[in-house]
Amino acid sequence: MEQRRCSHQLELNAKLAFIAVSLLFGRAVWGQTRYTILEEQKDGAAVGNIAKDLGIDPRTLKERGFRIVSTTGESMFSLNQNDGVLYVNGKIDREEVCEGSTPCLINLKIALESPLEIHYVTVEILDVNDHSPQFPENEKRLEIGESALPGARYPLQAARDPDSGSNSVQTYKLSHNDHFRLEIKDREEDGKIPILILHKPLDREETKNIKLVLTVFDGGRPPKSGSIEIFVDVQDINDNVPVFTKEAYTVVLNENAPVGTTIVQVNATDLDEGQNGEVVYALGNNVNNNLRRFFKVNSITGEIILTDRLDFEMKDKYEIDIQASDKGIVPHATDKSVIIKVVDVNDNAPEIEVTSFSSSIPEDSRPGTTVASISVTDLDSGLNGKISCSISDDIPFKLMPSSHENIYSLVTSGLLDRESTFQYDITLVAKDAGQPSLSTIKTITTLISDVNDNIPEFSFSPYAFYVMENNVPGKFLFSVSATDKDSNENAIVSYQIWRESSEENKYTSFININSENGEIYALKSFDFETVKTFQFHVIATDSGSPSLSSNVTVNVFILDQNDNVPVILYPVSSNGSAEGVEEIPRNVNAGHLVTKVRAYDADIGYNGWLLFSLLEVSDHSLFSLDRYTGQIRTLRSFTETDEAQHKLLILVKDNGNVSLSATVTVIVKVVEPKEAFAASDFKNTVKDEEENNVTFYLIITLGSVSVLFVISIIVLIVMQCSKSTDYSSKYLQEPNYDGTLCHSIQYRSGDKRYMLVGPRMSIGSTLVPGSNGNTLVIPDRRRRDSGEVKL
């Protein structure tokens, strides 16, 4: 308003200044014209023809500069110089231009020159009902206590309508309700104020919330309206007493109900709210201390809880008072009786008592041996006190009832074996005939004590060991091991060698055994050429009383070492030295057999395989020596220049790792054919005698070896018959009359065949652990069962 007053003053001053100038410098003409238009006109709408209304010739408008020179709303209008019509320049909003002033006037100053003319034009903008009345808020919340008296007044904020006059706020209307009416107060500048007036008392328990709708109307045609929602929250006061939801509470409770059992939950409600409606529970004031020992009540939930065990035989019915009260400043309370009936139940489980209990029984106990005496009792009576007792069926024990009721004997029902089961956990189950039945379980543990009923068992049967000849006396050879399934002293095993005075056990004097660990030692050195295999028996005895024993056959195979020097069999001189003289005619051809060196080695395999070589020869072009047969042959025919006598020094060695050797000297005399013939007859006679001697020696050697072979075969046959194990051997091959006796021995043990061929092994052979590097394993698909010699 102040701004408008300033604007009006400035406009007045401008008019006075213009009049003064006009009086000084020329002729002035002025007048005032008034137009009326509605707001919200479209852009370009005509307001009025100013030129026509002022009587100005439209043809002179441009020449005289027909224009708007000053106005508060110059931008809202435009003047056409062609026809003198005033037009609306843009959309005009009365509420925006005049801000609620009535009437809404826009003053324009129109000027023309030659001569100067000033005209005042006033444009009145009329209001259009283009706005709806509105409240400042969309909703309003009121809190009114239910104790408020009728006639209480609650002013509300007035609605506002930017329109003016009859288009502004005219009236209010309140939605239908039972508690409030509406009163309107007119405050001119502030408008019409709505006031809520309570005309009926409020009751929160009946109506907690009230929703009202206040509608405002303007005076337009048609009228426009706006509304606000009014929420009335009725505030509570403590005017209600707690009320239990049930008229009576009767509960049936088993006498064995555990402490802490919730018996029943009482519930009371209070129609008030907040603290006034919160209900707490407690035992009534008249409940005595004896009842308080058995029962308590949860102050929040109303649950009645058992605090001590009940006994039907002592009391079968209880009646207690429960008090419910609210939390108001002045609380209201009410009481309710709860009847608890106690029901008799099977609440005593049977009891098991074990007397005369043997915690350990020997495993050789006969069936029917008493282990324990058992008695069962039940404090209940009738069917609840009738008891049956049982144990599981998968153990060698059973219950035998006695002549007295509820007394049993626990006895063995089968044979016991500690090695299979050394302990039994016997579960006794006593069950009464109540509904539901109660049972008691008790476990007793019985140990089975050991009896010496198991013989020691060897890890293998029979044992086979391979020992290198020339072993150190007193040195550990091998060991046997036996275990006993019994325990303690019954499982302590001692070892001894069965030294029966028989031809079969004559070699037991060569060995000794550690009685504690079964380690076997040699008392003397073995000679493969003397004995190649032998067997003995080891007896394992436990320390039980009486003791039990078992035996096992141990087969020992002696492995050959290269400890024999080759022996020259031919040629041999009359004094026993390895030297011979051979005469051959001078006219022999190349390839003539001069003689053959024969040798023998008592070792076997590579150790007995002999090779021949020339160490010295007077003429290398005349003689050759076969490396394997020992045959000496001529390489060419003799000539006149060749000497008549030749000396050949021949080395004979075996194939051991550390080879042994011998030498023989052969003197070859070259004679004329006639002399050679005569000498040949004589030498043939001598040679036949020497060959007969050699043959005799060979027969003796082969006979000895054959005897050993036959003895070994007999021993092995006996072992075969007694143990069903094949130990066959072949000790000596046929003599190789090419110059060497080559030995080999084969053993068979189980599914493997062993060939003793000395330190040098053939390609593809396999060493057996414990063979000391002298045993070849040759796979054999045949298997034979091994047995044990019965002593």
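Analyst: Happy to; we'll go through the core, a sheet, some aromatic rings and a few loops. Keep in mind that this is a predicted model.

User: Let's start inside. Which residues touch the most other members of the largest nonpolar core?

Analyst: Those are F458, V480, Y495, F536, V538 and V554, in a core of 28 residues. Strands that give two or more residues to this core include strand 36 (493-497), strand 39 (533-542) and strand 40 (549-559). There is also another core apart from this one, with 27 residues, among them L253, A257, V264 and A268.

User: What is F536 in contact with, leaving aside its neighbours within four places in sequence?

Analyst: Quite a list: F478, I497, N505, T508, I511, I520, V552, T553, V554 and V556. As general background, nonpolar side chains in soluble globular proteins tend to be buried together.

User: How many bridges pair strand 36 and strand 39?

Analyst: Five, and the two strands pair in the antiparallel sense. Within that pairing, I497 has V538 in strand 39 as its bridge partner.

User: Okay, aromatic rings next. How many aromatic pairs does a search of the whole structure find?

Analyst: The search finds 20. One of the aromatic pairs is Y507 with F534, a tilted pair with 5.2 Å from centre to centre and 35° between the planes. The two are 27 residues apart, with Y507 in the loop between strand 36 and strand 37 and F534 in strand 39.

User: Are those two buried or exposed?

Analyst: Y507 counts as buried because its relative accessibility is 18%, and the cut-off for buried is under 20%. F534 is buried too, with a relative accessible area of 4%. Elsewhere, F458, F460, Y463, F465 and F478 form one aromatic cluster.

User: Switching to the other end of the numbering: which strands pair with strand 5?

Analyst: Strand 2 (residues 46-49) is joined to strand 5 (residues 85-88) by three bridges, and the two run antiparallel. N49 of that pairing stands opposite V85. Strand 4 (residues 77-79) also pairs with strand 5 in the antiparallel sense, over three bridges, and F77 has V88 as its bridge partner.

User: What sits between strand 4 and strand 5 in the hairpin?

Analyst: Five residues lie between the strands, and G84 takes a positive phi near 75° in this hairpin.

User: Which residues have a positive phi although they are not a glycine?

Analyst: S114 has one, of about 55°, and S356 likewise has a positive phi of about 55°. S114 is in the loop between strand 6 (104-112) and strand 7 (117-126). S356 belongs to the loop between strand 24 (351-355) and strand 25 (360-362). For context, most residues other than glycine have a negative phi.

User: And are those serines buried or exposed?

Analyst: Exposed: S114 has a relative accessible area of 66%, and for S356 the value is 61%.

User: Where are cis peptide bonds found?

Analyst: One joins Q435 and P436, with omega about -5°. P436 is in the loop between strand 30 (423-432) and strand 31 (439-449). Another joins S545 and P546, with omega about 0°, and P546 lies in the loop between strand 39 and strand 40.

User: One more loop, please. What does the side chain of N177 reach?

Analyst: A polar atom of the N177 side chain lies 3.1 Å from the backbone oxygen of S175, and the side chain also reaches the backbone nitrogen of F180 at 2.5 Å. N177 is in the loop between strand 10 (169-174) and strand 11 (180-186) and counts as buried at 15% relative accessibility.

User: Last one: how far apart are P223 and S132?

Analyst: They are 91 residues apart in sequence and 8.5 Å apart in space, C-alpha to C-alpha. P223 is in the loop between strand 13 (209-218) and strand 14 (225-235), and it is partly exposed, with a relative accessible area of 48%.

Notes: Residues numbered from 1 in each chain as written. Predicted model: local features only at pLDDT ≥ 70, side-chain atom pairs only at ≥ 80, totals over all residues. Heavy atoms only, no water. Helix = DSSP H or I, 4+ residues; strand = E, 2+ residues; numbered from the N terminus. Buried < 20%, exposed > 50% of the residue type's maximum accessible area, 1.4 Å probe, protein only. Polar contact = N/O pair within 3.5 Å; in protein donor to acceptor, adjacent residues only side chain to side chain. Core = buried A, V, L, I, M, F, W, Y, C linked by side-chain atoms within 4.5 Å. Contact = heavy atoms within 4.5 Å. Pairing = 2+ DSSP bridges. Phe/Tyr/Trp six-rings, centres within 6.5 Å; stacked < 30°, edge-to-face > 60°.
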